[in-house]
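Biologist: I am new to this structure. Please show me how to read it.

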Amino acid sequence: MSDVPEAFREIAERMVQVTPQAAALGMRFVSVSPARGSLDVPWREDLVGDPDTGVIAGGVVTTLLDHTCGLAMAAAAGTEPFSTATLDLRIDYMRAAAPRTGVVCEAHCYKITRSIGFVRAEAWDVDRSDLVATAQAAFILNRPNP
Amino acid sequence: MTSPAEQLQAFMQRVPYIRFLGMQAELAGDEMTAILPPSQRLIGNTFIPALHGGVIGAFLEMTALAQLSVAEPARRLPKTIDVTIEYLRPGRGGLTSYARADLRKVGRRIANVHVEAWQDDRDKPFAALRGHFLLSSDS
C-alpha cells in the first residue's frame with residue numbers, strides 16, 4: 001500500500017466521485033495499491049434486478065467490474081496521465097448476490113504494455129472465498145505523445 | 001393470455017434497475033428494439049463524452065433478458081451465466097442507443113443470445129454481446 005503515492009490515492013478517490021455513472025450508482029473507493037484497486041457499491045432499492053428476491057442487478061456488477069478494472073489500469077500506469085477505453089470484457093456470474101446486499105470488487109492489472117492493459121477482477125458480497133462474479137478484460141491505453 | 005407486447009412492458013416495469021438506466025423497449029411483431037435515451041448520469045468518460053462501458057454491457061444484457069421474456073413468457077427471469085462484451089467504438093453520450101437481440105439457441109435449460117447496439121447508423125454498431133442464460137421452467 002505504501003508504494004502508492006498519496007496524490008494517486010486522491011486521484012483514485014476522485015475517479016468515483018467525478019464519473020457521473022459511478023456517482024449515480026453510489027460507488028465508493030475502497031483501496032488502491034500498485035496495479036490493484038478495489039471499489040464497492042452498497043445495495044439500493046433502485047438497483048435491484050429481480051424484485052422477487054431484492055438481489056442487486058447483474059448490470060450493476062458489470063459496471064462495478066468495469067470501473068474497478070479501470071482503476072487497476074490507472075494504478076499500473078502510475079502517475080503518467082492517460083485515457084483508457086474498454087476493448088472487451090468477459091464476465092462469469094457464479095451466483096446471485098445475497099438479497100439486499102451490496103457488492104465489492106477487486107481488480108488486478110497483471111500486464112500492461114504501451115497500448116494495452118490486461119486485467120482480472122473478482123466480485124463478492126459477503127465472503128471473498130464465495131465469489132459472485134469474475135471478469136477478464138482488455139483495455140486500450142491512450143498515452144500522450146512522447 | 002397476455003400478448004407479447006404486454007409481456008414485454010410487464011418485464012420492463014418490474015425491474016427497478018431498468019428504470020434506473022431509463023431503458024425502454026418497442027416490439028414490432030416478434031422483433032424487439034431496446035432503446036436507451038441519453039442521460040448525463042450514464043456517462044463514464046466526461047471528455048468525449050461517452051457512455052460508461054459498464055452501462056453499455058448492462059444495456060446489452062438487459063436487452064437479451066427482455067427478448068427472452070418475450071420469447072419464453074411462461075418462464076421465470078433467466079439467470080445470466082456468462083457474457084462477453086465487445087466494444088467497437090465509443091458510445092456517444094449525447095445520442096440515443098438502440099439494441100436488438102438474436103436468440104441463437106433456446107434450449108430446455110440454456111439460451112445462447114447475441115446482441116448488437118448502435119446509435120445513429122444501424123450498420124455501425126458500437127458494441128456487441130454474446131452470452132449464455134440459464135432458463136428455469138418453474139413459473
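Modeller: Start with contacts: two residues are in contact if their C-beta atoms, placed from the backbone, lie within 7 Å. In chain A, 65% of the contacts between residues at least 6 apart in sequence join residues at least 24 apart. This is a predicted model, where local features need pLDDT of at least 70 and side-chain atom pairs count only at pLDDT 80 or more, while totals for chains, interfaces and linings use all residues. Residues are numbered from 1 along each chain as its sequence is written, and chains are lettered from A and ligands numbered from 1 in the order in which they are written.

Biologist: How many helices and strands are there in chain A?

Modeller: Helices (H or I, at least four residues) and strands (E, at least two) are DSSP runs, numbered from the N terminus. Chain A has 3 helices and 8 strands, in the order α-α-β-β-β-β-α-β-β-β-β from the N terminus on.

Biologist: Is helix α3 of chain A mostly covered or mostly open?

Modeller: A residue is buried if 20 or more other C-beta atoms lie within 10 Å of its own, exposed if 12 or fewer, and partly exposed in between, with C-beta atoms placed from the backbone. α3(A) is mostly covered, with 19 of its 20 residues buried. Of the 146 residues of chain A, 43% are buried. After α3(A) comes A:Gly78, with a positive phi near 80°.

Biologist: Which residues does A:Ala123 touch?

Modeller: Leaving out residues up to four places away in sequence, A:Ala123 touches A:Val61, A:Leu64, A:Leu65, A:Val103, A:Val104, A:Cys105, A:Leu131, A:Val132 and A:Ala133.
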